[in-house]
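Hi,

Here is the structure I promised to pass on.

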Amino acid sequence: MTGNCMIKAVRGTRDLLPPDTALWNFVEAAVRDVFRAYNFHEIRTPIFEETQLFARSVGEETDIVAKEMYTWEDPPRLLQEYIDSYREVTAALREGRQPSGKLVSLESLAGTQSLTLRPENTAGIVRAYIEHKMWNRGLNKFYSIGPMFRRERPQKGRYRQFYQIDAEVIGPPSAGSESPARDAEILELLATLLDRLGIKDWTLQLNSVGCPNDRVVYNEALRKALEPVAPKMCSDCQRRAVTNPLRVFDCKVPEDQPIIEKLPRISHYLDESCRKHFEQVQEILKAAGVPFTLNDRLVRGLDYYTRTAFEFTHGALGAQNAILGGGRYDGLSESLGGPSAPGIGFAIGEDRLVLALKESAEAVQHKPEVYIAPLGPGMDREAARLARELRHHDLVVELGDETFRLKKSFEAATRAGARFILIVGENEVKTDTFALKHLASGEQVSVPRAELALRIQSTL
Ligand code: HAM
């Protein structure tokens, strides 16, 4: 061993390797197909944003913002340089010597910015909606696929870099963005998508978390109910009981659960319009044949939600059983300085979706249809020509090497899972007729060059 230790992927991140990547691509292709059918269009926003964007949307008191974000000052070293220079100057003053460098000016610090790797993408998409004045386009239906970052404790189905398939429907109220029909369409889309992917046994948990007016009354009721019991709860809950009582429901501490179980329920605090909206969502879902379970404890761990909130859970996932979550966020645009733009969306945890699929899916691998085995000096050239011709016919071709003996080529073809091996030796090139062997049956035929592609395709 040398003194250099091996560098591994950072805790909570992972490499996605073949053959698993084939499953990821299969999922993404199916998802894109479904989004097309529902007239959603792709949006790609940056992987990092200003920290304030998440603080103001997801909420300061949420676990995501309070504990899990990857945040840094940009430019990254300036703040440290300021602290170092400050330390050196004060130490020099104390010791009565000349400081070794100058104090970094406060003005230069004013140019720094706090940036954060996105922990979710709704905030970024709504920011983009406002920045590009997309209300001019009426109702916008966006989707995006990409990595998110949360510094959570890693476990099966929970990573620090994970992937979300996100969809958002957002627009001015005049475009129908507030309609319960939007909520129902999103939920029906999800049911279709999961069914199409072959994910069985999902449960749609549905709730309404009310509008800001309801929230004021409900928060007050929660505050009151928490007052006598909060001192017995964890320190996070004690703080939340005062600052943002709704977030008490995010608590995972087992001892707090019996207390949380007895807290007032949001379903009793919905005003007339929210109750009506929620009823209409349910009616459309029933008409469309999408099964759901009402769960008035589901408040979701992000502050921007209003009215409809939901999660799809899946039995095979264990503790991290939420395969996706979402809801309405009718006031989010305003809180980010935009115009009224009600919206609803969801994010699927793609890592979890792939995990759930792995339990049931048959392989979606693609394997080479033909392995070309060049035999002897000068045959790499001929093999390259043949490979090019066959690939033009859309065949998946793997190429050997002229230095391989025939036995080694057979082994490589078998390992690659090829259906045929095509032998390219001097005789074959001279006669322009090649030995094509079906690996599973051992059957071998001689095929003229012009017929090769057809022959391979017709026996697939
Ligand atoms: P979320 O519930 O925080 O919602 O995340 C959505 C999904 O992302 C979760 O249900 C889960 O499948 C997956 N997920 C979250 N954290 C992790 C992790 N550490 N490792 C693996 N998967 C994870 C949102 O992010 C909202 N932006 C959803 C939304 C869109 N609401 C409206 N529009």
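Before the helices, a word on how angles work here: axes are lines fitted to C-alpha atoms, for helices over the stretch in contact, and angles run from 0 to 180 degrees between N-to-C directions. Helices (H or I, at least four residues) and strands (E, at least two) are DSSP runs, numbered from the N terminus. This is a predicted model, with local features needing pLDDT of at least 70 and side-chain atom pairs pLDDT 80 or more, while totals for chains, interfaces and linings use all residues. Residues are numbered from 1 along each chain as its sequence is written, and side-chain values use heavy atoms, leaving out hydrogens and water.

Start with helix 1 (residues 20-37) and helix 7 (residues 180-197), whose axes come within 10 Å and cross at roughly 140 degrees. On the helix 1 side, Phe26, Val27, Ala30, Val31, Asp33, Val34 and Phe35 meet Leu189, Leu193, Arg196 and Leu197 of helix 7 (contact means heavy atoms within 4.5 Å). The residues of this contact divide into 9 nonpolar, no polar and 2 charged. Here Ala, Val, Leu, Ile, Met, Phe, Trp, Tyr, Cys and Pro count as nonpolar, Asp, Glu, Lys and Arg as charged, and the others, Gly among them, as polar.

In the segment before it sits Pro19, and the peptide bond from Pro18 to Pro19 is cis, with omega near 10 degrees. In the loop between helix 1 and strand 1 (41-42) you'll find Asn39, which has a positive phi of about 65 degrees although it is not a glycine. Another cis peptide bond runs from Asp74 to Pro75, with omega near 5 degrees; Pro75 is in the loop between strand 3 (71-74) and helix 4 (76-95).

Now for the aromatic rings. Rings of Phe, Tyr and Trp (its six-membered ring) pair if their centres lie within 6.5 Å; planes under 30 degrees apart count as stacked, over 60 as edge-to-face and the rest as tilted. That rule gives 12 aromatic pairs. One of them, Trp202 with Phe312, is tilted, at 5.2 Å centre to centre and 45 degrees between the planes. This pair links distant parts of the chain, with Trp202 in strand 7 (residues 202-208) and Phe312 in strand 9 (residues 306-314), 110 residues apart.

Tell me what you make of it.

Cheers
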